[in-house]
Amino acid sequence: MPLRQFDPVAVVEEPVIPEPELQEQEQVPVRALWSKSGLVSDQLAKRALDQAISQAEDDFMLASSVPSDEQITLDWNDTTYLENPSLANQLAQRDGWRAWVRGFGGNTRADWSGIVYNDFSATAAGVVGGADVSLSYDFQLGAYVNYGSINLDQHGITGGGGWNPDGVGGGFTAEYWTPNFYAQGVVGLTWFEGVQDRGIRKIIDGWGGDTARGSKSATTFTGGVRLGAPFRWGSVVLEPQAQLVGTQNQEDGFSETRGTRKELRLKYHGRTTTFLETELGLKLSVPINSGDRALWVPSIRAAWLGDWDQGNDPQTIGYTFTNQTVDLPSQLDNENGALVELGLDYTVQNFDNVSIKVYGRGGMEFWGSDRGTTWRASGGVTFQF
């Protein structure tokens with residue numbers, strides 16, 4: 001998240017030097033700074049002089065890294081600050097501690113026209129809070145805790161069902177960030193537990209027409225890396241991004257214990273599933289100064305998404321009264337999608353107090369499969385000390 005950057009400047013008062021008494025001095029003739037030989041015409045001599053003046057002006061502009069119309073100064077508590085106009089540097093300079101909290105949510109559902117037995121819809125929401133500290137000018141290390149809930153519903157002619165777990169966990173973050181390049185990493189662990197229900201269609205009187213239930217738990221390991229290279233292009237910031245996220249779920253075995261006759265209850269064996277997702281995109285943001293210290297940054301991000309088949313184990317199930325089982329293979333294939341996301345940041349730079357950053361994001365993932373469209377949104381606040 002961007003933040004306007006200001007550097008304190010020293011104000012040096014020039015000493016007052018008394019003017020010397022005027023004395024009559026012999027007038028010295030002014031000498032010319034250049035002259036030409038009689039062999040050079042006046043036209044060629046003037047052209048050479050113009051070229052020398054133009055080159056001197058170009059050298060002066062090149063040495064001035066900050067245009068004069070962008071040099072903004074601000075007086076705060078008897079100190080004068082000069083704003084750094086580098087738009088990319090607004091993302092990079094971080095000092096001290098930061099504490100943050102973020103909320104997120106999303107919804108996805110299957111393409112109902114393409115699936116007969118596995119129509120589904122899922123919503124998720126949660127909150128993440130953490131803190132990080134700058135260990136050096138360009139490296140930050142942090143930790144976080146998270147809580148979330150999932151509401152997964154499956155629809156079909158066989159009766160449908162769902163899983164509604166809550167999850168708690170935490171992890172660590174690390175960031176290396178310079179004005180025109182950054183690398184971010186995260187590792188985390190979350191424990192999920194909730195009731196899974198399975199609708200049973202009525203078979204005969206007294207058999208079926210009800211819902212079997214059992215407590216299902218899983219442990220999720222997550223690791224991710226994001227690379228970016230923000231740079232200024234006129235009055236906007238372009239930010240190419242690449243991201244890779246891997247997730248491994250260790251699903252514990254469980255049995256249905258209530259909701260229907262014992263003869264109809266199922267036993268689910270434990271299994272491990274792995275998912276790998278990639279993202280390659282471009283973010284465009286437009287920093288807009290507001291007042292002396294505030295900044296608005298609307299943005300848009302577009303990306304290509306990939307979800308890669310990892311050859312996951314099948315789900316093994318059987319009735320609780322027998323050792324016979326069946327395997328239901330994973331139907332995940334390599335999938336491609338596109339992301340479009342809008343965002344808005346608002347930050348306020350405070351010199352001797354806590355700086356505040358507030359943001360919101362919202363967008364859609366379009367998948368070229370029965371996976372359908374995923375809606376997602378997030379928002380949060382960061383306090384920089």
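I looked up burial and found that 34% of the 385 residues in the chain are buried, meaning under 20% relative accessible area, with exposed over 50% and partly exposed in between (1.4 Å probe, protein chains only). I note that this is a predicted model, in which local features need pLDDT of at least 70 and side-chain atom pairs count only at pLDDT 80 or more, while totals for chains, interfaces and linings use all residues. Residues are numbered from 1 along each chain as its sequence is written, and side-chain values use heavy atoms, with hydrogens and water left out.

I then checked the secondary structure and found two helices and 21 strands in the chain, taken as DSSP runs (helices H or I, at least four residues; strands E, at least two) numbered from the N terminus.

Searching the whole structure for aromatic pairs gave seven, where rings of Phe, Tyr and Trp (its six-membered ring) pair if their centres lie within 6.5 Å, with planes under 30 degrees apart counted as stacked, over 60 as edge-to-face and the rest as tilted. I looked at Trp-296 and Tyr-346, a tilted pair with 4.4 Å centre to centre and 45 degrees between the planes. This pair links distant parts of the chain, as Trp-296 is in strand β16 (residues 294–308) and Tyr-346 is in strand β19 (residues 335–348), 50 residues apart. I recorded Trp-296 as partly exposed because its relative accessibility is 38%, and Tyr-346 as partly exposed because its relative accessibility is 29%. I also noted that ring pairs link Phe-6, Tyr-81 and Phe-351 into a cluster.
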